[in-house]
Amino acid sequence: MSPVLLWTLDNAAFTYDLGPRKGANKKSIWQRHGYKNPDGSEIKLTSHQLRHLLNTVAQRGDLGQLDIAMWSGRANIHQNRTYNHMSEYEVLDKVKAVPGLRAMMGPLDKVKSHMPVTLEDLDAIGEGIAHVTEYGFCVHDFSMVPCQKHQDCINCTEQVCVKGDEEKLARLKMQRDMTQAQLDKAESGVAEGFYGAGRWYEHQKQTLARTIELIQLLESDDIEDGAVIRLRNDNEFSPLRREIAAKESQPRLGAGDTNKEEVRALLGGDFG
């Protein structure tokens, strides 16, 4: 006769093993091994609490979100956040442990003490991050206003290309051909008198010229591979430049203005 007794565990048996229950003669797993709460009370858990615990342990162990969702039987990885009980201090410690991140984050001591951060502090960080584009990468200062170009990288002075990147060069050539086609259509529109075709023609003309110039530089034998190329654009749109121009175009009261006497009369007094 076999000494092994086959027995199928039911939900009640598992539940009773996680904590003492009234009317149950069986000791829990904690009682059998002598575990208690710090205050001396008996430990009592539910299966769902263990699910939260195991998910939190997985989060602390840097298990991928997709793996956690699949292991937990979830259809959406966003449901993982409900079962993640890592404190904000644990998350911050993980962020601080990323190599080189402290230097990229800049003068944290000044930020914590609410002291003003100077431009010298920002310059000391260096090129901490760059946004990769179709043709190179963008060096826009993220401490300033957001990008004003709306993906018009060719005409932007913050667009940087690297000599020797054949994939980016091929994309520039493709952009050149597409821009040429757009320019031809815009030119036809100007000839037919379509509204707005003139401005579109000028824009495509400038874009084509800059694209051709970039391609020539990236294919030049006089420039070594790895060189960083950044084109200037004296006519580049700038909200700051527009505001300055608007201020300069406003009339000012001078010593010889005829309206000065009228203003003095309206104010009811004399002023310098």
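What order do the four strands of the open sheet have, and is their pairing parallel or antiparallel? The order is 1-2-3-4, and the pairing is antiparallel. Before we go on, a word on the model: it is predicted, so to speak of a local feature takes a pLDDT of at least 70, side-chain atom pairs count only at pLDDT 80 or more, and totals for chains, interfaces and linings use all residues. Residues are numbered from 1 along each chain as its sequence is written, and side-chain values use heavy atoms, with hydrogens and water left out.

**The sheet**

Strands here are DSSP runs of E with at least two residues, helices are runs of H or I with at least four, and both are numbered from the N terminus. Two strands pair if DSSP finds at least two bridges between them. Strands of a sheet pair through backbone hydrogen bonds, either parallel or antiparallel.

At the edges of this sheet stand strand 1 (131-132) and strand 4 (228-229); each has a single partner strand, so one side of each is left without a neighbour in the sheet. Strand 2 (residues 137-138) pairs with strand 3 in the antiparallel sense over two bridges, and Cys138 has Gln159 in strand 3 as its bridge partner. Strand 3 (residues 159-162) also pairs with strand 4, again antiparallel and over two bridges. There, Cys161 stands opposite Ile229 in strand 4.

**Two helix pairs**

For the angles below, axes are lines fitted to C-alpha atoms, for helices over the stretch in contact, and angles run from 0 to 180 degrees between N-to-C directions. Angles under 35 degrees count as roughly parallel, over 145 as roughly antiparallel, 65 to 115 as roughly perpendicular and the rest as oblique.

Helix 3 (residues 47-60) and helix 4 (residues 65-72) have axes that come within 10 Å and cross at roughly 160°. That makes helix 3 roughly antiparallel to helix 4. In the loop between helix 3 and helix 4 you'll find Asp62. Most residues other than glycine have a negative phi. Asp62 has a positive phi of about 65°, although it is not a glycine. With a relative accessible area of 58%, Asp62 is exposed (over 50%; buried is under 20% and partly exposed lies in between, using a 1.4 Å probe and protein chains only).

Further along, helix 9 (residues 166-192) and helix 10 (residues 197-218) pack at an angle of about 155°, with their axes 8 Å apart. Helix 9 and helix 10 are therefore roughly antiparallel to each other. Ile212 lies in helix 10 and, at 34% relative accessibility, counts as partly exposed. Its C-alpha atom is separated by 8.5 Å from that of Leu172, 40 residues apart along the chain.

**Rings and charges**

How many aromatic pairs does the structure hold? There is one. The rings of Trp30 and Tyr35 have their centres 6.5 Å apart and their planes at 85°, so the pair is edge-to-face. Rings of Phe, Tyr and Trp (its six-membered ring) pair if their centres lie within 6.5 Å; planes under 30 degrees apart count as stacked, over 60 as edge-to-face and the rest as tilted. Trp30 counts as partly exposed, at 22% relative accessibility.

Tyr83 has charged ends sitting over its ring, as the table shows. A charge sits over a ring if NZ of Lys or CZ of Arg is within 6 Å of the ring centre and within 35 degrees of the ring normal.

| Charged end | Ring | Distance from ring centre |
|---|---|---|
| Arg51 | Tyr83 | 5.6 Å |
| Arg74 | Tyr83 | 4.1 Å |
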